[in-house]
Amino acid sequence: MTDDSTPRKDDVPAPAAISDSDSGDLRTDGGRRGMRRVAGWLTTGVACLLVFFALVAPNQVDHLSPEAFIRLPVEGLLGAALVLLLPTRARQVVAVLAGTILGLLTIVKIADMGFYAVLVRPSDPVLDWAYLSDGAAFLTSSMGRGQAMAVVIAVGVLAVAIPVLMVFSVLRLADRVARRGRRATGVVAALGVVWVACSVLGIQVDGAPLAASSAATLARDKAVQINKGLRDQRTFAAEASVDAFRNTPGDQLLTGLRGKDVMIALVESYGRSAIEDPAMAPQVDAVLDAGTERLNAAGYAARSGFLTSPTAGGGSWLAHSTLLSGLWINNQQRYNNLVTTDRFTLNGAFQRADWRAVGVMPGVTRAWPEGLFYGLDTIYAKKDLGYRGPSFSWAPMPDQFALSVFQRRERAKSDHAPVMAVIPLVSSHAPWAPIPQLVDWQDVGNGSIFDGMPAAGEKPGVVWRDPSRVRTEYRRSIEYTLNMLISYVETYGDKNLVLVFLGDHQPAPIVTGTGVSRDVPIAIVAQDPAVLDRVSSWGWTDGLNPDPKAPVWPMNSFRDRFLTAFGP
């Protein structure tokens with residue numbers, strides 16, 4: 001007798017048949033899940049790399065190396081510990097805040113890299129905005145408007161994208177850490193012990209501590225820098241209030257130069273490296289030594305030494321104002337403060353002593369309100385010089401043309417009043433290509449004689465692909481300007497000409513390398529022996545090429561030394 005409640009074997013339902021199409025759907029779903037998993041891993045990995053870079057990357061290009069990233073950042077450990085302690089909403093708020101700060105610090109690091117590479121100093125978040133327009137103008141003159149605009153747009157996009165990406169990255173990592181609470185706690189604790197041990201033992205990799213805190217250090221340094229800048233306004237005001245020559249009557253100023261035409265020529269980027277670096281010195285020294293002989297043959301003598309510039313790689317206006325004001329102008333804030341004062345300048349001393357004071361400014365291509373501060377009788381900006389020739393990359397015209405116009409308009413008349421001229425020369429301005437050629441002074445005319453020279457010269461984009469070519473073209477540009485100045489004295493010099501020429505600053509590290517001084521050569525050239533007798537106590541070297549052991553003075557001391565030497 002059988003139990004009807006017991007199912008029979010043939011009553012057990014057979015498994016449902018799986019069609020090929022259903023199998024494909026399962027495989028597709030599994031593949032999609034696998035792809036999503038891989039994409040998630042990749043996204044997390046990229047986020048981790050971005051945050052790690054922001055925390056440990058150095059802020060100088062020269063310090064970038066694989067060893068520089070062998071670091072254990074304490075900020076990352078503290079951030080992970082905080083994430084594990086906070087509830088979800090608070091964790092997200094902190095992650096957004098931390099990501100924004102890291103993004104801004106990354107931008108600061110990139111800015112520092114650029115400033116160290118060009119100006120040999122870190123960027124200043126408060127004072128360096130003035131360099132944006134100058135940088136854009138330099139790119140336009142060197143690359144053309146289209147490419148320069150593309151670079152500017154790319155920089156703007158990056159400035160927005162970096163903080164956004166950093167916020168996303170920190171949120172991603174915070175979420176992953178929070179999901180793996182117990183395991184993440186153990187890892188963070190273990191790494192914390194390692195960090196403390198490395199810090200106590202002073203373990204280093206490539207000269208830097210393995211237990212890193214570079215992001216916090218950079219933030220602290222920038223805060224100190226900003227605070228120092230704010231306090232420096234008071235320091236500068238105190239320095240500017242002291243002026244031994246401010247109230248000196250005109251008849252007691254510059255008595256040793258009465259009747260002389262005095263030219264102060266500031267040679268762009270003419271630094272000490274040009275006459276001492278083995279890669280450049282043989283050729284530049286040869287120009288200076290041959291120039292000394294040429295001037296001696298023409299009845300001239302020279303003395304030379306060194307000044308220390310307040311800037312390097314750029315910021316020529318800081319050096320110019322330092323030389324003329326007798327104050328140390330090493331940042332934009334000091335410059336902005338200076339030009340709003342009535343500081344007694346070197347050209348102002350000549351004016352008070354009845355010289356005609358002029359500025360020959362071929363590099364001034366737009367409004368220059370600072371000209372009012374210098375109080376020059378006439379300013380010859382680019383638009384006033386009447387140039388009809390081609391530009392040479394950044395330089396609107398060759399230096400020879402600027403001096404030719406100065407000669408025709410100011411010194412050509414035999415009965416002209418004594419003139420003092422400040423002349424920033426720009427043919428040796430970066431990118432140092434193409435370089436003009438000297439022509440006969442009688443053929444300079446309106447500058448059209450220079451047509452064709454830029455096309456026949458080197459192209460900046462080609463030169464800057466190779467640092468050795470950059471150094472070569474820099475050297476050649478210095479040789480051009482030095483030869484031009486020597487030729488001017490030979491052609492137009494007389495017993496009443498006194499030429500003071502000097503560099504405004506060293507060129508960028510791509511030319512000099514790192515760790516060099518900020519010294520620039522300076523020389524005084526005159527035919528009248530009484531002029532150089534006045535500076536005999538300075539200990540300067542005979543000739544245009546200063547001895548390596550010649551005196552080195554800070555550039556801001558020159559005004560007072562000059563006025564003292566040529567006073568009554």
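## The aromatic cluster

F350, W355, W538, W540, W553, F558, F562 and F566 come together as one aromatic cluster. Keep in mind that this is a predicted model. Searching the whole structure turns up 17 aromatic pairs. Take W538 and F558: their ring centres are 6.4 Å apart and the planes meet at 70 degrees, so this pair is edge-to-face. W538 is in the loop between α19 (529-533) and β12, while F558 belongs to helix α20 (residues 558-565), so the pair ties together parts 20 residues apart in sequence. Both partners are tucked away: W538 is buried with a relative accessible area of 10%, and F558 counts as buried at 1%.

Then there's W540 with W553. Here the ring centres sit 5.5 Å apart with the planes at 40 degrees, so the pair is classed as tilted. It links distant parts of the chain, with W540 in the loop between α19 and β12 and W553 in strand β13, 13 residues apart. W540 is buried, with a relative accessible area of 8%, and W553 counts as buried at 8% relative accessibility.

## Charges over rings

W553 has a charged neighbour as well: R561 lies over the face of the W553 ring, at 3.9 Å from the ring centre. Another case of this kind involves R272, whose charged end sits over the ring of F306, 3.8 Å from the ring centre.

G543 is found in the loop between β12 (541-542) and β13 (552-554). Is this glycine buried or exposed? At 7% relative accessibility, G543 counts as buried. Leaving aside residues up to four places away in sequence, G543 touches T292, A302, R303 and S304. For a sense of distance, take N227: it is 316 residues from G543 along the chain, and the two C-alpha atoms are separated by 45 Å.

## Cysteines without a bridge

How many disulfides does the structure hold? The count is zero.

C48 is partly exposed, with a relative accessible area of 42%, whereas C198 counts as buried at 10% relative accessibility.

Notes: Residues are numbered from 1 along each chain as its sequence is written. This is a predicted model: local features need pLDDT of at least 70, side-chain atom pairs count only at pLDDT 80 or more; totals for chains, interfaces and linings use all residues. Side-chain values use heavy atoms; hydrogens and water are left out. Helices (H or I, at least four residues) and strands (E, at least two) are DSSP runs, numbered from the N terminus. Buried means under 20% relative accessible area, exposed over 50%, partly exposed in between (1.4 Å probe, protein chains only). Contact means heavy atoms within 4.5 Å. A disulfide is a pair of cysteine sulfur atoms within 2.5 Å. Rings of Phe, Tyr and Trp (its six-membered ring) pair if their centres lie within 6.5 Å; planes under 30 degrees apart count as stacked, over 60 as edge-to-face and the rest as tilted. A charge sits over a ring if NZ of Lys or CZ of Arg is within 6 Å of the ring centre and within 35 degrees of the ring normal.
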